[in-house]
Amino acid sequence: MTPDSSGFAHDYATAILRRGREPMPPVDFTPDWGDAPRRGKYYPAATAFPLPAPEPVPASLDTALRASAGTAPRASGNAAPGSAGGTAPGGPGAADEPFTLPLLASMLHHSYGLFGRRLGIQANTDLAALPSYAHANWYRGTASGGGLYPCSVYWAAGPGAGVPPGVYYYAHARHAMQRLLAGDVTDRVAAAVGPQHRAGQFLIVGVKYWQNAFKYNNFSYHAVSMDVGTLVQTWRLWAGAQDRRIEPVLWFDQAALTDLLGLVPDDEALFAVVPLTWAPAGGAGPAPGAQAGGDRSAGPAGGGAGPAPGVRVRHADQERSRRLLEFDTLRRIHRATATALDRPPRGALAAAAVPPAPPDRPRIPLPEPTPMPMPVSAALTGRRSSFGRFAAGRPMPAADLAALLRATAGSTVPCEIDAADDRPLARIHAFVNHVAGIPAGGYGYEPETHSLVRTTAGPPGDFLQRNYFLANYNLEQAAVVLVPTVRTHAVLDATGDRGYNLVNATIGAIAQTFYTAAAALRVGAGVALGFDNVSYVEELRLADTGEYPLLIMLAGAERAGLGDYRYELR
Ligand SMILES: Cc1cc2nc3c(=O)[nH]c(=O)nc-3n(C[C@H](O)[C@H](O)[C@H](O)COP(=O)(O)O)c2cc1C
């Protein structure tokens, strides 16, 4: 690892923001689609066992959103902070019921497993290729930049999970676990995350860069770090709806775990470790010591002779691409975040919160949000991108906009440096095109008053379309375009380079909530990174607060009667 990468996250963030004005090299890059990588890793020699069939989650999306906001101090509207974890005793999200193998299997299926094949008519350039089986677009519960799904999910299984202890890889296409290593290595994972996060079972989220970089080159890090947030947020929604907890650790010893998993450090990074509370074999409730954060050495779930120190995964992913490219900036930002080991103290994020909106700007109170009683699993299954299907003819009810705003503003990625009184890192802005009873214009959402704070007046359609890079959406036809912002440099100042992962995971979590809520509201949705961020800073007057507009999230009615073909796998 080169020391000169330290501090590079600031430069990368600025380059990403300005890339619409000063293109990031390599300019005029064309992906080699004929030599594209797989959308998952391939371990041909690793044994696999099939996972239990997924079960639907009957709890509503509203329940899931309340639970996930309840465990997150930085989520807006979380009014009852308790301990440093922010969860009020007995409040939403307070439960920490144990996972079981069927529950884990179901959560993985609803997040990264394959649901079916997309064949609807839309405005993306890949449309003509979709009917060919070789180019089939298999969809999942979680959104992903470019549909490339670069996250790898590893399970470090200790004793008591109903499978031989070891390291497993979630083979999404087969809904199976592949064993990469035999033996209990949870002590090694605990050593990498710190003793306070000790658990009997861990999920580890990695990103294989080439899976995304073959298309997005140096921009890749920006996209994949959001993908981590979309995946974790699906888990949080899914788990929160069932009284389970997902609280990732983001500052840990990546090099130690990279070595354990047998990865090449510059090829795949590890972004999050999630300790899981687990049920004892054949019993109810967590095993003593099986609680995430508990002392495993004290209980029967602990112990078990692990493999000798230095043992590591020997199976290697077999890459499909014949020609792999390296991208300097991607490598540098990866090294900067991967080697940033120092965990900031709890409360470090206080200085990076978004400040309150100016008191003198006019406010428009929003109505009560439209309820979202749809079961979580149905909302995840129904989630999809609109890709050009918006039609402005039917304005969005203001209560639907209120639901999207409250849900997205309440979404965050809780982590080990949160303090009970932390304020939100993100703000949601809204360009209103066609919402009943709300004048067209630009606004900031104020969760405390559940109102829109006016920034600009007049229809924003022309601004939006002028500053969009791709041809697959007419942004003016969307009822509303939401824009999450974070004070990226303030987060990096407060937390160091690895804070970049938190910034983008937060945006990813917001995006995934947005999609899932839109599905529950039965409105069209899409998110996009292809816009001129600098113009958005100017239009939304964000220069003073240092907020970076990081994504655009479009919602609205869709054109009726477009061609589709249902192709569902289960
Ligand atoms: C972080 C992120 C960035 C995305 N960027 C874009 C984008 O720039 N343009 C776009 O049309 N879609 C974008 N999408 C949507 C994905 O292309 C979409 O989720 C993926 O192709 C899967 O399709 P589905 O959402 O219909 O299941 C993005 C999604 C995520 C999570």
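Modeller: Gln254 is buried, with a relative accessible area of 4%; buried means under 20% relative accessible area, exposed over 50% and partly exposed in between, computed with a 1.4 Å probe on protein chains only. This is a predicted model, in which local features need pLDDT of at least 70 and side-chain atom pairs count only at pLDDT 80 or more, while totals for chains, interfaces and linings use all residues. Residues are numbered from 1 along each chain as its sequence is written, and side-chain values use heavy atoms, with hydrogens and water left out.

Gln254 belongs to helix H7 (residues 254-260). Helices (H or I, at least four residues) and strands (E, at least two) are DSSP runs numbered from the N terminus. A polar atom of the Gln254 side chain lies 2.9 Å from the backbone oxygen of Leu270. Apart from neighbours within four places in sequence, Gln254 is in contact (heavy atoms within 4.5 Å) with Ala269, Leu270, His334, Thr337, Ala338, Leu341 and Arg498.

The chain is assigned domain 1 (30-72 + 95-116 + 128-338) and domain 2 (348-556), with bounds that come from an automatic or database domain assignment. The centres of domain 1 and domain 2, taken over C-alpha atoms, are separated by 27 Å. Across the boundary, 46 residues of domain 1 are in contact with 40 residues of domain 2.

The interior comes next. In soluble globular proteins, nonpolar side chains tend to be buried together. A nonpolar core is a set of buried Ala, Val, Leu, Ile, Met, Phe, Trp, Tyr and Cys residues joined through side-chain atoms within 4.5 Å. The largest such core has 146 residues, and those with the most contacts inside it include Trp155, Leu401 and Tyr536. Helix H13 (residues 499-521) supplies the largest share of this core, 14 residues. At least three residues of this core come from each of domain 1 and domain 2. A second, separate core of 25 residues includes Tyr43, Tyr169, Ile204 and Val273. Not counting residues up to four places away in sequence, Leu401 touches Met396, Val432, Val435, Ile438, Leu452, Val480 and Leu482.

Two strands pair if DSSP finds at least two bridges between them. E4 pairs with strand E7 (residues 201-208) in the antiparallel sense over seven bridges, and Leu203 in E7 is the bridge partner of Trp155. E4 also runs antiparallel to strand E5 (residues 166-171), to which four bridges join it; there, Tyr169 is the bridge partner of Tyr154.

A further point concerns cysteine. A search of the whole structure finds zero disulfides, a disulfide being a pair of cysteine sulfur atoms within 2.5 Å.

Lastly, in helix H1 (residues 8-17), Phe8, Ala9, Tyr12, Ala13, Ile16 and Leu17 are buried. The buried residues of H1 pack against several elements, among them helix H6 (220-240), helix H8 (328-338) and H13.

Note on methods
A polar contact is a pair of N or O atoms within 3.5 Å; within protein, one must be able to donate a hydrogen and the other to accept it, and residues adjacent in sequence count only if both atoms are side-chain atoms.
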